[in-house]
Amino acid sequence: MTALRTLSLAAARQVQLRVSAPNCGRLWARGLATPSSEELKKTGLYDFHVENGAKMVPFAGYLMPLSYGDVGQVASHNHVRNTAGLFDVGHMVQSNFRGPTVTAFLEWVTPSSLSSLSPYSSTLSVILNDKGGIIDDTVITKHADDAFYVVTNAGRRDRDLAHFKDKLEEWNASDRAKDGKVEHEVLDGWGLVALQGPESAKYLQALTSFDLKELMFGNSAFLSIEGFNLHVARGGYTGEDGFEISIPPAHTTEVARLLSKQPVQLTGLGARDSLRLEAGMCLYGNDLDEETTPIEAGLTWVIGKERRETGDFIGAEGVIKHLKDGPPRRRVGLVIDGAPARQGAKIFDPSGKELIGTVTSGIPSPTLSKNIAMAYVQTGFHKKGTEVQVDVRNKLRKAVLTPMPFVKPRYWRG
Amino acid sequence: MFSVLRQTSRSRLSLPRRAAVPAGIQSIPIFRTLITKRFTADHETVSYDDKTGLGTITITEYAQSSLGDVVFVELPALETKVEQGDQIGAVESVKAASDIYAPVSGIVKEVNEKLNDQPGLLNKSPEEDGWLCKIQLSNPAEVEDLMTAKAYRDIQDS
């Protein structure tokens, strides 16, 4: 029973460690990337989670809530789809980039068109290495031509920060910074919570005089919420309408309390993973890595149109090659018959003989009651409706390529 | 048999009543039938009925609570010959897949078909109604080498 083979979250891996005890037969703590509990960090909401009966597990170097009390993952997932949930995402890295040449700098570090982005709007983007592989995925919010707010993944903190430092030094020492240097400030200790679900706007509206109907998906604003002036971005990681709210360190717990009363339920990492997968969103480390270009990952849309021609960003050569020649493999969605296919499951052509890809994330979908998965398959097998075979426990199971998102998003667009 | 009986009295004495882990051995007061319940490090149980020679396989209460909502159970085919330690199926929750291993050698005689439609039985009643399969033991001595309830509880507490 202990061989929890294919877990998409380090959090879930911890479940296995808890189950396994000394003298236990099959203990394989596969690919456990999390340091021991002594080194684990806590977000500003740690005590709040414990108070609310959270099961805390290591995730991306932090102790984070997997679930709360007796609420199971499916019930918690459904509550976000039907009502609203609050997530602590304070482990993620929040940064400010400022300076007269910051737009050009970020257009070098990412392939996004940021000069044409309107103030107080956001875009999903990618930070690329020299070969065009994805160092991290990120959401970039423009406040002004000289000020951007950037959120990156906790699990990539060290890699990202070293990369930014390196590239900033190079930029600021070069001619390109002659109109002014770029500064990077990490908002360490700041809180970040995500209020997600169809009831979230109604709930938040009761706490602010700002008319939330005016705040569209992908936009942000500083809102007065019960006297706190907070950065609120409309969007999230569930496919539902929702808000990501950044909070100064001193007020994080108080704001979390305000945002988690009935009918909002605190929601852990377990439901976060199943919600994001239904929404077709990537988890870095599972579905994205440094060997994968944004073209392979189905993220071509994050690359600005004119930037595909100019190619003046880090990693452009690899990206443009995949654009011109077509990528060798592509990220796709699968629906699998019978058993759920998890991360690492091998994908074969319909004859079952030729290996054509690998599953990167997979779950039984609580919303659809089907086994859904994200995978990479060889170009040629990537069209929707293609039938393939997936190996689960040495048995081939039929699967069909299915467009993502699996569950239709319900963003607020006015 | 004698050692089983000895084990019975010993574990009865040493086991405080605890809801989470049922007593290791239950003797059912009809004739001479004795049901020996043992645990494995893979968080499974086998209840061996010495009259029928069948061992009923389940996952433990601890395993179900760690897995969370079970949504799919894969069971072995009837008449499959299994060796102790063979993978015979799997239990899947939203968050994880977990293999089921044969705790004893023998032939699969029955599977719990109810789990196909009601995988949630594994959460509600993992060690009773949510049983997985019944194996005709080829070597009943294997049962005695498995863990008693107390030994199983000890590895969880340690």
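Modeller: Happy to! A salt bridge here is a side-chain nitrogen of Lys or Arg within 4 Å of a carboxyl oxygen of Asp or Glu. Please keep in mind that this is a predicted model. By that rule, the side chains of R157(A) and D188(A) form a salt bridge, at 2.9 Å from N to O. R157(A) belongs to helix α5 (residues 157–172) of chain A, while D188(A) sits in the loop between β9 (183–186) and β10 (191–196) of chain A, so this pair ties together parts that are 31 residues apart in sequence. Over all chains, the count comes to 28 salt bridges.

Now to the place where the domains meet. Chain A is divided into domain 1, residues 1–326, and domain 2, residues 328–414. Their centres, taken over C-alpha atoms, are 24 Å apart. Across the boundary, 40 residues of domain 1 of chain A are in contact with 28 residues of domain 2 of chain A. The size of an interface is often given as the accessible area lost when the parts come together. Between these two domains of chain A, about 2800 Å² is buried, and carbon and sulfur atoms give 52% of that area.

What about the charged and polar links? Two salt bridges are counted between domain 1 and domain 2 of chain A. E296(A) and R329(A) also meet through their side chains in a salt bridge, with 3.1 Å from N to O. Polar contacts between the two domains of chain A come to 23 residue pairs, with both residues at pLDDT 80 or more. On the domain 1 side that touches domain 2 of chain A, the elements giving two or more residues are α3 (73–82) and α8 (269–278). That side of domain 1 of chain A has 14 nonpolar, 13 polar and 13 charged residues.

Where pLDDT is low, the predicted coordinates should not be read in detail. Chain B averages a pLDDT of 83, with 80% of its residues scoring at least 70. Residues 1–23 of chain B stay under 50, and the model gives them 35 contacts beyond four places in sequence. For the complex, the predictor gives an ipTM of 0.71 and a pTM of 0.86.

Key
Residues are numbered from 1 along each chain as its sequence is written. Chains are lettered from A and ligands numbered from 1 in the order in which they are written. Side-chain values use heavy atoms; hydrogens and water are left out. Domain bounds come from an automatic or database domain assignment. Contact means heavy atoms within 4.5 Å. Buried area is the accessible area (1.4 Å probe) that two parts lose on being put together, summed over both. A polar contact is a pair of N or O atoms within 3.5 Å; within protein, one must be able to donate a hydrogen and the other to accept it, and residues adjacent in sequence count only if both atoms are side-chain atoms. Helices (H or I, at least four residues) and strands (E, at least two) are DSSP runs, numbered from the N terminus. Ala, Val, Leu, Ile, Met, Phe, Trp, Tyr, Cys and Pro count as nonpolar, Asp, Glu, Lys and Arg as charged, and the others, Gly among them, as polar. pLDDT is the predictor's confidence in each residue, from 0 to 100.
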